[in-house]
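Please look over the sequence and the model first, then read the notes by topic.

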Amino acid sequence: MAELKEPLLARKPASAANLREIFNIPSGSGRPPFQVMDVLGLKKRGQSIRSWIRVDTSGNSGVIEVDKFTMMRRCDLPARDLRLLDPLFVYPSTILGREKAIVVNLEQIRCIITADEVLLLNSLDSYVLQYVVELQRRLRTSGVSEAWQSEDAMIRRRGSRNFDSSSPDYLPFEFKALEVALEAACSFLDSQASELEIEAYPLLDELTSKISTLNLERVRRLKSRLVALTRKVQKVRDEIEQLMDDDGDMAEMYLTEKKARTEMSLYGEQSLLGLRSNDGGVSLSAPVSPISSAFDSRKLEKSFSITRSRHGSMRSSESGTESIEELEMLLEAYFVVIDSTLNKLTSLKEYIEDTEDFINIQLDNVRNQLIQFELLLTTATFVVAIFGVVAGIFGMNFEIEFFNYPNAFQWVLYITGIIGLCIFGAFVLFFRYKRLMPL
């Protein structure tokens with residue numbers, strides 16, 4: 001990885017600081033040195049020059065520095081599409097198919113895919129470097145396999161005339177780059193989901209055994225991370241599903257076919273111009289009537305255009321259907337992967353909700369026990385209040401014959417205690433009869 005970082009890092013251009021060091025020489029007259037204006041810095045800030053990693057169809061990579069307007073003209077993209085790739089802003093995951101490029105914004109992978117190259121924002125992020133390495137490996141491997149297939153096809157074509165050399169597993173360059181981007185995004189989200197699972201299940205089990213403020217705070221943070229990750233996974237899943245549901249968007253993403261179709265139309269126009277020039281040469285050298293020559297050239301042009309349109313329409317319809325099927329199968333494979341990640345997060349969310357329900361049940365049980373204890377305590381307080389009433393009566397300042405007996409106060413205490421116990425037992429039986437105290 002360290003070896004890859006060195007060639008991918010952009011070389012620092014000669015900035016105005018270096019120019020200041022060159023021109024910051026004190027003059028003999030004692031005047032202040034010549035102040036150099038930061039022209040390069042102003043130009044870079046004005047044109048928003050960014051460093052991009054370029055990977056071509058052969059797997060060769062390099063670093064280029066272009067401004068936004070040059071990139072817009074190079075890839076034929078509007079400014080709002082390039083704004084999706086700006087690292088200063090946070091945009092949801094998006095896959096856009098344009099006339100000459102595919103704009104991909106999947107987590108750390110932000111790139112522009114054309115029929116001839118892939119342009120990524122230069123970054124030291126490990127996932128970006130892994131994307132470049134994996135794309136180069138697949139492009140070089142596919143190049144070697146295509147060479148072997150071509151040699152094998154030539155050998156078989158010599159022995160059999162009806163052999164078809166087209167491979168059903170062939171993918172255009174833009175589909176290979178898109179596949180690596182989808183794989184990187186899905187693996188990144190799945191690894192985050194796995195790390196969250198490893199951290200979540202022991203914490204939730206600990207929370208069920210011991211409810212504390214620290215464990216509740218850790219679960220709250222865990223749930224916030226889960227919600228954020230679920231939102232990211234859901235956005236990637238919705239984006240892939242939206243592409244699979246729209247055949248027009250999938251057909252728009254077949255850049256190699258559109259490029260070949262454009263080149264074919266240009267070649268047809270050049271052939272038509274060549275036929276016109278040949279026809280004109282014949283008409284100049286031979287004594288042919290101008291009316292008949294114009295009629296023949298118009299007839300030839302019409303027949304050639306009809307043949308070319310039929311051939312082009314048949315080719316585009318057949319290849320368009322095949323390309324849509326190829327891209328649909330590619331998207332379907334990663335839709336299954338991202339859907340399994342979403343199911344994993346959904347299961348974790350349900351487990352958290354079940355744990356919360358279990359904790360709430362435990363807290364309700366404790367609350368019910370406290371209410372029952374409070375009810376018993378209130379009943380006991382009522383019984384003790386009876387002793388207070390009796391003590392208050394005997395504490396009055398009046399004389400009765402009952403005070404003349406020496407054991408009279410003891411009998412009063414015995415009778416009051418028995419009455420209080422009877423009242424307390426009656427309350428307890430009443431509460432159990434009403435099922436207010438099941439424990």
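**Aromatic residues**

Phe430 is partly exposed, with a relative accessible area of 45%. The model described here is predicted. The protein has 439 residues, of which 29% are buried, and its secondary structure consists of 12 helices and six strands.

- Phe431 counts as buried, at 9% relative accessibility.
- Phe382, Phe427, Phe430 and Phe431 form a cluster linked by ring pairs.
- In total, the structure holds eight aromatic pairs.
- One of these is the pair of Tyr201 and Tyr351, which is edge-to-face, with 4.9 Å from centre to centre and 65 degrees between the planes.
- Tyr201 belongs to helix H7 (residues 173–209) and Tyr351 to helix H11 (residues 290–394), so this pair ties together parts that are 150 residues apart in sequence.
- Both tyrosines count as partly exposed: Tyr201 has 27% relative accessibility, and Tyr351 has 30%.
- The pair of Phe430 and Phe431 is tilted, because the ring planes are at 55 degrees, with the centres 6.2 Å apart.
- Lys68 lies over the face of Phe69, 5.5 Å from the ring centre.

**Salt bridges**

- The structure has 21 salt bridges.
- Arg74 and Glu117 form one of them, with their closest N and O atoms 2.9 Å apart.
- This bridge links distant parts of the chain, since Arg74 is in helix H4 (residues 68–75) and Glu117 is in strand E6 (residues 117–121), 43 residues apart.
- Arg74 is partly exposed, at a relative accessible area of 39%, whereas Glu117 is buried, at 7% relative accessibility.
- Glu134 and Arg137 also meet in a salt bridge, at 2.5 Å from N to O.
- Glu134 and Arg137 are three residues apart in helix H6 (residues 126–159), so about one helical turn separates them.
- Glu134 counts as partly exposed at 21% relative accessibility, and Arg137 is partly exposed with a relative accessible area of 46%.
- A further bridge joins the side chains of Arg138 and Glu179, at 3.8 Å from N to O.
- Arg138 in helix H6 and Glu179 in helix H7 are 41 residues apart, and their pair links distant parts of the chain.
- Arg138 is partly exposed, with a relative accessible area of 22%.
- Glu134, Arg137, Arg138, Glu179 and Glu183 are linked in a network of salt bridges.

- Ser93 sits in the loop between helix H5 (79–83) and strand E3 (94–97).
- Ser93 has a relative accessible area of 5%, so it is buried.
- Leaving out residues up to four places away in sequence, Ser93 touches Asn105, Leu106, Glu107, Lys235, Val236 and Glu239.
- Glu239 is placed in helix H8 (residues 213–245) and counts as buried at 8% relative accessibility.
- With residues up to four places away in sequence not counted, Glu239 touches Ser93, Thr94 and Ile95.

**Surface and overall contacts**

- The protein exposes about 28,600 Å², and carbon and sulfur atoms supply 59% of that area.
- A nonpolar surface patch of about 790 Å² is made by Val389, Ile393, Met396, Phe398, Ile400, Phe402, Phe403 and Tyr405.
- Phe403, one of the patch residues, is in the loop between H11 and helix H12 (408–433) and counts as partly exposed at 34% relative accessibility.
- Of the contacts between residues at least 6 apart in sequence, 69% join residues at least 24 apart.

Note on methods
Residues numbered from 1 in each chain as written. Predicted model: local features only at pLDDT ≥ 70, side-chain atom pairs only at ≥ 80, totals over all residues. Heavy atoms only, no water. Helix = DSSP H or I, 4+ residues; strand = E, 2+ residues; numbered from the N terminus. Buried < 20%, exposed > 50% of the residue type's maximum accessible area, 1.4 Å probe, protein only. Contact = heavy atoms within 4.5 Å. Areas by Shrake-Rupley, 256 points an atom, 1.4 Å probe, with all protein chains shown as cover. Phe/Tyr/Trp six-rings, centres within 6.5 Å; stacked < 30°, edge-to-face > 60°. Lys NZ or Arg CZ within 6 Å of the ring centre and 35° of its normal. Patch = residues over 30% accessible without salt bridge, like charges linked within 9 Å, V, L, I, M, F, W, Y side chains within 5 Å. Salt bridge = Lys/Arg side-chain N within 4 Å of Asp/Glu carboxyl O.
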